Amino acid sequence: MLLHAVAITGTHSGVGKTTVTLGILAAMRKRGLRVRAFKVGPDFIDPGHHTALTGIPSRTLDGWMLSCEYNQLTFFQHLRGADLGIVEGVMGLFDGYDGKTEAGSTAEMAKWLRLPVILVVDASAMARSVAALVHGFRSFDRDLNVAGVIFNRIGGSRHLQYLQEALEGIPGMTVLGGLPRNDSIAIPERHLGLVTQEEHALTSEQIDHLAAFIEDNIDLALLLQLSEIRELENRVTKRGEQIRGEAQEEKVRFGVARDEAFCFYYPDNLELLEAAGAELVFFSPLHDPHLPSDLQGLYLGGGYPEVHAKRLATHTTMRQEIKAFIEQGHVVYAECGGFMYLTEGIRDISGRLFSMVGVYPTVARMLPRFKTLGYVEVEIEKATGPFPRGRARGHEFHYSELERQDFCSGALETLYHVRKHRSDVPRPEGYLYKRCLASYIHLHFGSNPEFAAALISAAR
């Protein structure tokens, strides 16, 4: 079966590949094509913008957190029925888990899915030297199909001509166009990356402007021609059934916090909870006066509670109800921002303290730069919490730290042994209070679907 799909990535972070991706999605939709978006790497913000633009959840692909089979299943299942799939890369083309291997990189994913790669190059200060750069990316891995280039932040038509001339000596390399610098289409940024679509949703006028900008400067017909692929054979169907599981008849009402402050969720995590028997009930700690009724469990995802700390602090009733829910022994799972929300408070850069739920006897203090960033593997050796024994993978990325690192004593224990690399000495994490498990780590349940099933089983 012939499909259209392509990976769009950069030579390094910050080349504007997200804006290019969004623009291509908008332009292709304007042409009446059914498009699907995917994102390589542990990211919640860019997929949120993809989803808002296409109206269909953007899917995470990750070569380190998830198996090759799982990624192939995710990609081809969600590409079916579409005219075009766009996979936005992570960082630079070959960047991933470490400096020795391709694990977690866009290059690895492109090979697993047999996708052509379009390289976005920031050419703002380059001319003939761009040929050496592109040649290096093209020749670094001969098993990878780097099929075309989009030049970004060019100075004008003459500059584009120089760049095109420079690549004439690289056989088979297609120049799809050049994008002039255009600050009017930029999406605002903050400390974790772009501002989320919950807080900066593109208007229809902005989307039209972005689509027109891409149409005027990129050969979309040529892009479609380069993006022809053949679907993998049905080698993942049986394993896919095992990954997704079978839905349970008895539903468990599981509350999920989702608003501007809590918006970091992998769609797969939510779907795996549903497959395990959850009836997901979404609510807003920012806007709703009370918790939904008759809940049997809670999922507090990550996001930006620090940005909305003042408003969260003023919603006293919601904070009290969540604390009471935990004290009554209900199952609660909280990640990163959700964990911060369950501490005594969030202290901002200027030192102001905003009261939070108060389950964990420590304060989350904001820092001027990120505290930690990277993949982690979690191992649970004893099933005293809502998760079983076993391993799962995820990532950390936060700008806060706990003021009291030794708060875990008495009624609290740590369930996780966390390593960034197998050779590391494991560190404790995963703080358990009664049946509430909270951590800075964002787990992808696709790395161990038994975790999602156990969470719902514990709530049931």
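Q: Is Leu-300 buried or exposed?
A: Leu-300 is buried, since its relative accessible area is 0%; buried means under 20%, exposed over 50%, and partly exposed in between, with a 1.4 Å probe and protein chains only. This is a predicted model, in which local features need pLDDT of at least 70 and side-chain atom pairs count only at pLDDT 80 or more, while totals for chains, interfaces and linings use all residues. Residues are numbered from 1 along each chain as its sequence is written, and side-chain values use heavy atoms, leaving out hydrogens and water.

Q: Where does Leu-300 lie, and which residues does Leu-300 touch?
A: Leu-300 belongs to strand S14 (residues 297-300). Strands (E, at least two residues) and helices (H or I, at least four) are DSSP runs numbered from the N terminus. Contact means heavy atoms within 4.5 Å. Leaving aside residues up to four places away in sequence, the partners of Leu-300 include Ala-257, Phe-283, Tyr-333 and Leu-342. Leu-342 is 42 residues from Leu-300 along the chain, with 9.2 Å between their C-alpha atoms.

Q: How are aromatic pairs read, and how many aromatic pairs are there?
A: Rings of Phe, Tyr and Trp (its six-membered ring) pair if their centres lie within 6.5 Å; planes under 30 degrees apart are stacked, over 60 edge-to-face, and the rest tilted. The count by this rule is 22 aromatic pairs. In one of them, Phe-38 and Phe-75, the ring centres are 4.7 Å apart and the planes are at 50°, so the pair is tilted. Phe-38 sits in strand S2 (residues 35-40) and Phe-75 in helix H3 (residues 68-79), 37 residues apart, so the pair links distant parts of the chain. Phe-38 is buried at 0% relative accessibility, and Phe-75 is buried at 0% as well. Elsewhere, Tyr-265, Tyr-299, Tyr-333, Phe-387, Phe-445 and Phe-451 make up one aromatic cluster.

Q: How is the packing of two helices described, and at what angle do H1 and H7 cross?
A: Two packed helices are described by the angle and the distance between their axes. Helix H1 (residues 17-30) and helix H7 (residues 204-217) have axes that come within 8 Å and cross at roughly 95°. H1 and H7 are therefore roughly perpendicular. Axes are lines fitted to C-alpha atoms, for helices over the stretch in contact, and angles run from 0 to 180 degrees between N-to-C directions. Under 35 degrees counts as roughly parallel, over 145 as roughly antiparallel, 65 to 115 as roughly perpendicular, and the rest as oblique. Among the contact residues are Leu-22 and Ala-26 of H1, and Leu-210 and Ile-214 of H7.

Q: How many disulfides are found?
A: A disulfide is a covalent bond between the sulfur atoms of two cysteines; the cut-off is a pair of cysteine sulfur atoms within 2.5 Å. A search of the whole structure gives zero disulfides. The cysteine sulfur closest to that of Cys-263 is in Cys-336, 11 Å away, which is too far for a bond. Cys-263 is buried at 11% relative accessibility, and Cys-436 is buried at 0%.
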